[in-house]
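Subject: Handover of a structure

Dear colleague,

Please find the structure below.

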Amino acid sequence: MAGKILTQFAIIAISFFGVWFLLGRIEYIGDGDVQRFAKESERKLSEIILETITATHDEVDNEKVKAVLDSIKVRICRAEKLDCDKIKIHLVRSSDINAFALPDHQMVIYTGLLDYANNAEEVAGVMAHEIGHMEKNHVMKKLVKEIGIEMLFSIAAGDAGNDISRETAKILSSTAFDRKHEREADAFAVESLAKADIDPQHLSNFFFRLARKDDIPEELAWVSTHPDTKERAAEIIKQKKEYTYNSKPIIQLPWKDVQKFLSAGEEAEETLTTVTQDADTIAVEE
Amino acid sequence: MAEVVSFAYHPDDYESEKASNSYLMSLIAVIAGLPLPIVNLLATGFFWLSNRKGTFFVRWHCMQALLSQLLVLVMNSAGFYWTLSIIFGDNTISNTYIAYIITIVIFNIAEFCMTIYAAVNTRKGKHVYFWFFGPLTDQICKS
């Protein structure tokens, strides 16, 4: 009798897991929807979101600083054997300490982050983390989950209003990915930094410095969008032990000089704005 | 999955009604207790407790109704907590999750149909013997 009971139980269990397995082969949602969102639509969506961001913040066109960011990007991409050209970096003037990924491999970095960083390696850590989100397709998954595929199609087609585009930009710049995705991006960052001979300790230090601030000011946007900072910093230290690397500097320049380029650019822009305003005033007077 | 077999004696009308009610109890509780998967088990459990000193036919069917609820309880609880982790936690809706929900819906419908079949037939005094749960009840419920 006991044998009969066990056999029948085994048949029920096998049929349950069998049905589950077979039904699991069918694409219902998730990745399927994300893939459905064609590359072209993703590009248009990214353009619209970027327009929304640059409508309120100036895009910085400082060649020296851009060259530094590019050299960081190339170092990470080469280490991970990624196509460097497909990742585009947009440096935006804002005192917020923030960086985030957009669809179509676009990355936005605020000047506030570069001001706050102690060295190029810390910036590399943040960039590697954001490239991790891009490579794991977290950006589109997050947008599909929070906004819905149909709404994304209408934003990309230009049918949605400015408010919706602004809201989408806000979701990407000021809300966190879920914890699983953050940890995946952290793991990617540690791996790519180690492969690029950049010490992942710098990213951990950056996290610790942010976490040490008891009262998080509004400008520390990257902390509010990246919760559990202390735990993750500790996890990075743990993970980095799995890799061997020979730490090499990214740039020869002191980081302070890069920050000076930024502030010099800001002053130059301010002078240019004043000159343009003066010229406008003269033109109006005439 | 469920068949009518001969029983040691022919139950009277009162016994048939009680035995049938044990199945009906789980059906009503399923409707009342959704989406909490524990309610139908609790209802069947209380009914079994109140009838554990009843006749062999009544006890046997109360036990079979209770055991058949246990399996769907396990499946539904997993689905319930998985859903909660998606709503309040970090999990996301995936193909595996949807497949699981469809699977438990199929198994719940099968169990629901078996329960109705058992309720109708035990009311007529017939001895309904479920696949797997029948032999298991035989082991637990001794005359």
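**Conventions and confidence**

This is a predicted model, in which local features need pLDDT of at least 70, side-chain atom pairs count only at pLDDT 80 or more, and totals for chains, interfaces and linings use all residues. Residues are numbered from 1 along each chain as its sequence is written, while chains are lettered from A and ligands numbered from 1 in the order in which they are written.

The term pLDDT stands for the predictor's confidence in each residue, from 0 to 100. Chain A has a mean pLDDT of 80, and 81% of its residues reach 70 or more. Within chain A, confidence is highest in helix H6 (residues 120-135), at 93, and lowest in helix H12 (residues 221-224), at a mean of 56. The pLDDT is below 50 over residues 271-286 of chain A, and this stretch has zero contacts in the model beyond near neighbours in sequence. Two residues are in contact if their C-beta atoms, placed from the backbone, lie within 7 Å. Where pLDDT is low, the predicted coordinates should not be read in detail.

**The two chains**

Helices (H or I, at least four residues) and strands (E, at least two) are DSSP runs, numbered from the N terminus. Chain A contains 14 helices and three strands, and chain B contains five helices and two strands. Along its sequence, chain B follows the pattern β-α-α-α-α-β-α.

A residue is called buried if 20 or more other C-beta atoms lie within 10 Å of its own, exposed if 12 or fewer, and partly exposed in between, with C-beta atoms placed from the backbone. Of the 286 residues of chain A, 35% are buried; of the 143 residues in chain B, 36% are. Among contacts in chain A with a separation of 6 or more, 73% join residues 24 or more positions apart. The corresponding share in chain B is 71%.

**The sheet of chain A**

Two strands pair if DSSP finds at least two bridges between them. The three strands of an open sheet in chain A have the order E1-E3-E2, with mixed pairing. Strand E1 (88-92) and E2 of chain A stand at the edges with a single partner strand each, so one side of each has no neighbour in the sheet. From one strand to the next, the twist averages 20 degrees.

E1(A) and E3(A) pair in the parallel sense over five bridges, and Val92(A) stands opposite Tyr110(A) in E3(A). Helix H4 (residues 63-80) of chain A packs on the sheet and touches E1 and E3 of chain A; its direction makes about 140 degrees with that of E1(A). Here axes are lines fitted to C-alpha atoms, for helices over the stretch in contact, and angles run from 0 to 180 degrees between N-to-C directions.

E2(A) and strand E3 (residues 106-110) of chain A pair in the antiparallel sense over four bridges. Leu102(A) has Gln106(A) as its bridge partner in E3(A). The hairpin of these strands has three residues between them, and there Asp104(A) takes a positive phi near 60 degrees.

In a regular strand the side chains alternate between the two faces of the sheet. In strand E2 (residues 99-102) of chain A, Ala99(A) and Ala101(A) point one way and Phe100(A) and Leu102(A) the other way, and all are buried.

**Two loop residues**

Lys81(A) is found in the loop between H4 and E1 of chain A. Although Lys81(A) is not a glycine, its phi is positive, at about 55 degrees. Lys81(A) is exposed because 7 other C-beta atoms lie within 10 Å.

Phe132(B) is found in the loop between strand E2 (127-130) and H5 of chain B. Phe132(B) is likewise a residue other than glycine with a positive phi, near 70 degrees. Phe132(B) counts as buried because it has 20 C-beta neighbours inside 10 Å.

**Where the chains meet**

The contact takes 20 residues from chain A and 19 residues from chain B. On the side of chain B that touches chain A, helix H4 (95-123) and helix H5 (133-140) of chain B are the elements that give two or more residues. H4(B) gives the most, with nine residues.

Yours sincerely
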